[in-house]
Amino acid sequence: MSSDSTRGLERIMVLDDKSQTRETLAIPIEFANRTAVKVSGQLGTLERFLENAPNADAAIADYQLTPGHYADFDGDELVAAWYKRGFPAILCTSFATSNAAHFRRLRRWIPVVMSPQDLEPDSLMRALELTRREINEEFVPPRRPWRALVRFVEFDEAANVANAKVAGWGEDVVGFSASGLPEGLRDSLRVAFQGGDEYRCFATANLGAESNHDLYVTEWEA
Amino acid sequence: MPATILRSPQVASIGKVNIIDVGHGSCVAVHASDSVSLIDTGPNGAILEYLLKEGVTSLDTIVISHADADHIGGLAAILAQRIPVREIIWNPDALKESEIWKDLVYEIEDRHNAGLTVASRNATQDLRVEVGSSPLALVVLAPGIALQHLGPGATDRLGRKVSSNSSSVVVRVDAGATPVALVPGDLDELGLLHIVEAGRDDLLKAYALVLPHHGGHCGTPAATQRTIETLVAAAGPAAVFVSNGREKYANPRPEVIAAVRRTAPVVKIACTQLSPTCSSEQLVQTGSTGAYARGWSDGLSCAGTMSLRVDSEFGINYEHGVHDRFVATGLTSNLC
């Protein structure tokens, strides 16, 4: 039976380029007494899929969807696009921790990244409920957006590296893909670092993030 | 525990002093009916969640005890939100070579450009700052003239080496003439000796004492023992609080708590977060103490955010029933 807090999350889409993995991802859904809607075939472009996605209440997507032309987009783009459309989805991958700089550009719209090993009925449903609440602007403290001062300490476009510290979050260096930053910000960074200076600007970040790979930075005021 | 000052339940409250669970760090909020002030700001944005939950949209005074990130990190978060802050009281010289200082200057300039000025002044000995229009006040007891002007690495007139912690700003929260809480930052033995040698240790008396260094060492083990015993003896508190983070440094140190107990055998001791010494497992508590506590939902908190309520007759009430029940039923090796 569905608990009150997860009512309405009955049909859950499963997206992975491998059919066997879709079957595996469906297991915790079915153990949670929900219906797994396994999406097969070729999904095409992101826009096309968003218009033609199967009827469901939520979704779980793998990160790598492009192998075998399963899709023309990756799971992080899909989950973020769904968030903006008010549709709760979680990303299932173990890449996010070791590739935080890449995932950070979209983490504002990806509330939950779960590794396949952590995927269980309860954790899955809690994650979807958290995502649904956040879409309705009910943020848990580690996800709440705040205005934040960002101080870039390194910028190397050739290496696609931009490292910064986020004042008010912690002392760890926060990595970004330089190519993922807005063009205007990249221009300012180029000028600053060519002159031997650091660069500061404001942005929006979840200052309550408990780990480096969960920190998002967006809405650059630069 | 020694008497919570009892008074008629009809006596109105004039404010509260909250020792906030911000994880490893320190942040004390002093609430009056029309004003909120902070002593330190914790390590990060946890203070923002506290202010949000309390409905606080402006701050009167922020006192910064010293430049350690776990005391000043939250200031950057506060300033970035453009929350109105009337005044910052600090001794920033130790900061001025750091990137943190430049961050704060950038933020203060940003606020100025947005029409939000914030005054600042040095934390000089005997400075007294009222909290709004209430009888609550923040009183700066240290550093004295010498430590305020000697930088880290200098020596005092007796040849003792000064550290940045020696110059920690020590604040006592008063309700009228009643000393409610003593908040000594990360004061070390030398800083305390300067207070004692100046004959000012009687000023340290307070109902509650927040231990320096989050219940950790204040120098060598011997110096730590001397510092804690001297500080507890001088303060004579009914309650001793530790603002600690479970996931960092395993504070409070058992030997620190032992030093407290030797000096004040029946004092009430409580920590914001649950030390690994007291429990190897995180323990999620049901219900809530009311105020935001960073570690509560993840089972990191012990007492969580602790609150001293002050009434109009300057009686102090520290409700510790939730903590007492948690310790009695959930812990078998509690230091307190």
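**Reading strands and a helix in a predicted model**

Guide: Both faces of strand 3 of chain A are covered: A:A58, A:I60 and A:D62 on one side, and A:A59 and A:A61 on the other, are all buried. Buried means under 20% relative accessible area, exposed over 50%, and partly exposed in between (1.4 Å probe, protein chains only). Strands (E, at least two residues) and helices (H or I, at least four) are DSSP runs, numbered from the N terminus. This is a predicted model, in which local features need pLDDT of at least 70, side-chain atom pairs count only at pLDDT 80 or more, and totals for chains, interfaces and linings use all residues. Residues are numbered from 1 along each chain as its sequence is written, chains are lettered from A and ligands numbered from 1 in the order in which they are written, and side-chain values use heavy atoms, with hydrogens and water left out.

Visitor: Why is strand 3 of chain A largely enclosed by the rest of the structure?

Guide: In a regular strand, side chains alternate between the two faces of the sheet. Here five of the five residues of strand 3 (residues 58-62) of chain A are buried, so the strand is largely enclosed by the rest of the structure.

Visitor: Which strand does strand 3 of chain A join over four bridges, and is the sense parallel or antiparallel?

Guide: Strands of a sheet pair through backbone hydrogen bonds, either parallel or antiparallel. Two strands pair if DSSP finds at least two bridges between them. Strand 3 of chain A is joined by four bridges to strand 4 (residues 89-92) of chain A, and the two run parallel. A:D62 stands opposite A:C92 in strand 4. Strand 1 (residues 11-15) of chain A also pairs with strand 3 in the parallel sense, over four bridges, and A:L15 is opposite A:A61.

Visitor: How many residues of helix 3 of chain A are buried?

Guide: An α-helix has 3.6 residues a turn, so residues three or four places apart point the same way. In helix 3 of chain A, eight of the 10 residues are buried, so the helix is largely enclosed by the rest of the structure. Among them are A:L78, A:V79 and A:W82. The buried residues pack against elements of chain A including strand 1, strand 3 and helix 6 (121-135), where contact means heavy atoms within 4.5 Å. Just after helix 3 of chain A, A:G86 takes a positive phi of about 85 degrees.
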